[in-house]
Amino acid sequence: MQIVRGKKLEKAAEGEFERLVQESSRVVVDVGTGDARASYRIAKENPDWLVVGVDPAWQRMTQTSIRSRRKPAKGGVPNLLLVNAAIENAPEELRGAADELLVLMPWGKLLHGLVRGDEDIWSGLRTVAKPNAPLTATVGTSIWREPVPRDIQGLPELTPSYVDEVLGEKALAAGWKVTGFQLTKAEEAAAVSSSWARRLDSDSTEVIATLTAVTAGPEE
């Protein structure tokens, strides 16, 4: 497993991840963590949890890694682990490790795969989840408003009917049962803690789509 230590990318020491898991009461995996600031905040607010930020663009995580490696009195968070990986190719160590998964304001392949219900993305999420692990995914709906970014053109919009009629079935095929979907104004979405969401001012008209799911058993 490749992890970010400061400005460097290194191979995790043998048994390192397992030790961190044993020392933690809960393992939360933040998929597509980007600059990892959201992962950092969650880890700082929950020192007995192990928070794992996962992203294929490891260079974006270096500043947060540097900050997390300071002494706790200066903002360090030893319970934060930043992993260089795409969820569809998750490291073996992460398989079945997550008590909870987050996908906060994804972009690129992760966004497309999440919204379209792509098997590799949803199965990748399932691979790292424990039985009965919850998943929370958030997407800013302004990406579907004119002018629609070129990268988003043709991407189905997350709506209640789309989730009910299309996405729910695809998620279930990959081992996830959708448990909820709601659209919330940004200023009311206090639970959204991604760096992107934090940059929305109090007058923002952004609407956040929040999708929740839980790992499904074969009988479901």
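**Working through the model**

A: K44, R67, R70, K71 and K74 gather on the surface in a patch of positive charge. Patch members have over 30% relative accessible area and no salt bridge, and like charges are joined within 9 Å. It's a predicted model, so local features need pLDDT of at least 70 and side-chain atom pairs 80 or more, while totals for chains, interfaces and linings use all residues. Residues are numbered from 1 along each chain as its sequence is written, and side-chain values use heavy atoms, without hydrogens or water.

Q: Where does K44 lie?
A: K44 is in helix α2, residues 37-45. K44 is partly exposed because its relative accessible area is 45% (buried is under 20%, exposed over 50%, partly exposed in between, with a 1.4 Å probe and protein chains only).

Q: What about the loop between β3 and α2, which residue is there?
A: A36 sits in that loop. A36 has a positive phi of about 70 degrees, though it is not a glycine. Most residues other than glycine have a negative phi. A36 is buried, at 0% relative accessible area.

Q: And M105, buried or exposed?
A: Buried, as M105 has a relative accessible area of 14%. M105 is in the loop between β6 and α4, also not a glycine, with a positive phi of about 50 degrees.

Q: Switching topic: which peptide bond is cis?
A: The one from E146 to P147, with omega near -5 degrees. P147 is in the loop between β7 and α6.

Definitions and conventions: Patch = residues over 30% accessible without salt bridge, like charges linked within 9 Å, V, L, I, M, F, W, Y side chains within 5 Å. Areas by Shrake-Rupley, 256 points an atom, 1.4 Å probe, with all protein chains shown as cover. Salt bridge = Lys/Arg side-chain N within 4 Å of Asp/Glu carboxyl O. Lys, Arg positive; Asp, Glu negative; His and termini not counted. Charge placed at Lys NZ, Arg CZ, Asp CG, Glu CD. Helix = DSSP H or I, 4+ residues; strand = E, 2+ residues; numbered from the N terminus.
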